[in-house]
Amino acid sequence: MAGATDPMPRPKLGSRLRDERGKYDGLVAAAVDRLGRDVVDCLNTGYKMRDEGKLLVTYGHEGVWNLDDPNNENRFTMEA
């Protein structure tokens with residue numbers, strides 16, 4: 001599905017996000033911009049993790065992303 005901005009229908013990631021491949025605690029990615037196909041997709045994925053209380057970790061950011069923190073949210077958005 002080219003140009004999708006919703007992570008749920010994505011063939012590989014979506015099935016994981018829907019718990020079809022078992023429960024998961026969060027996502028780890030090489031970079032924020034690898035979480036989605038565009039800025040909106042990255043943000044949707046990040047906010048899904050936040051809203052569900054899941055962990056979100058990327059290289060270059062110390063620790064787990066806290067998208068309730070305005071500084072973390074701004075940095076996450078810029079990196080997306």
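**Entry 1: Val-39**

I began with Val-39 and found its place in helix H2, where helices (H or I, at least four residues) and strands (E, at least two) are DSSP runs numbered from the N terminus. I am working from a predicted model, in which local features need pLDDT of at least 70 and side-chain atom pairs count only at pLDDT 80 or more, while totals for chains, interfaces and linings use all residues. I number residues from 1 along each chain as its sequence is written, and the side-chain values use heavy atoms, with hydrogens and water left out.

From Val-39 to Leu-27 I noted 17 Å in space, C-alpha to C-alpha, for 12 residues in sequence.

**Entry 2: Lys-54 and its surroundings**

I placed Lys-54 in the loop between H2 and E2, and at 19% relative accessibility I count Lys-54 as buried. Lys-54 lies over the face of Tyr-24, at 4.0 Å from the ring centre; for this, NZ of Lys or CZ of Arg has to be within 6 Å of the ring centre and within 35 degrees of the ring normal. When neighbours within four places in sequence are left aside, Lys-54 is in contact (heavy atoms within 4.5 Å) with Asp-19, Tyr-24, Asp-25, Gly-26 and Met-49.

I followed that list to Gly-26, which is in strand E1 (residues 26–29) and counts as partly exposed at 26% relative accessibility. Not counting residues up to four places away in sequence, Gly-26 touches Met-49, Lys-54 and Leu-55, while its C-alpha atom is separated by 17 Å from that of Asn-72, 46 residues apart along the chain.

**Entry 3: Gly-36**

I looked up Gly-36 in the loop between E1 and H2, where at 13% relative accessibility Gly-36 counts as buried. Beyond the residues up to four places away in sequence, Gly-36 touches Arg-10, Asp-41 and Cys-42.

**Entry 4: H2 against H3**

I then examined the helix axes, and those of H2 (residues 39–51) and H3 come within 9 Å and cross at roughly 145°, the axes being lines fitted to C-alpha atoms over the stretch in contact and the angles running from 0 to 180 degrees between N-to-C directions. To this contact H2 brings Cys-42, Leu-43, Gly-46 and Tyr-47, and H3 brings Glu-73, Phe-76 and Thr-77.

**Entry 5: the aromatic pair**

How many aromatic pairs does the structure hold? I found one aromatic pair. The ring centres of Trp-65 and Phe-76 are 5.2 Å apart and the planes stand at 80°, so I record the pair as edge-to-face; rings of Phe, Tyr and Trp (its six-membered ring) pair if their centres lie within 6.5 Å, with planes under 30 degrees apart counted as stacked, over 60 as edge-to-face and the rest as tilted. The pair links distant parts of the chain, 11 residues apart, with Trp-65 in the loop between strand E2 (55–58) and helix H3 (70–79) and Phe-76 in helix H3. I noted both Trp-65 and Phe-76 as buried.

Key: Buried < 20%, exposed > 50% of the residue type's maximum accessible area, 1.4 Å probe, protein only.
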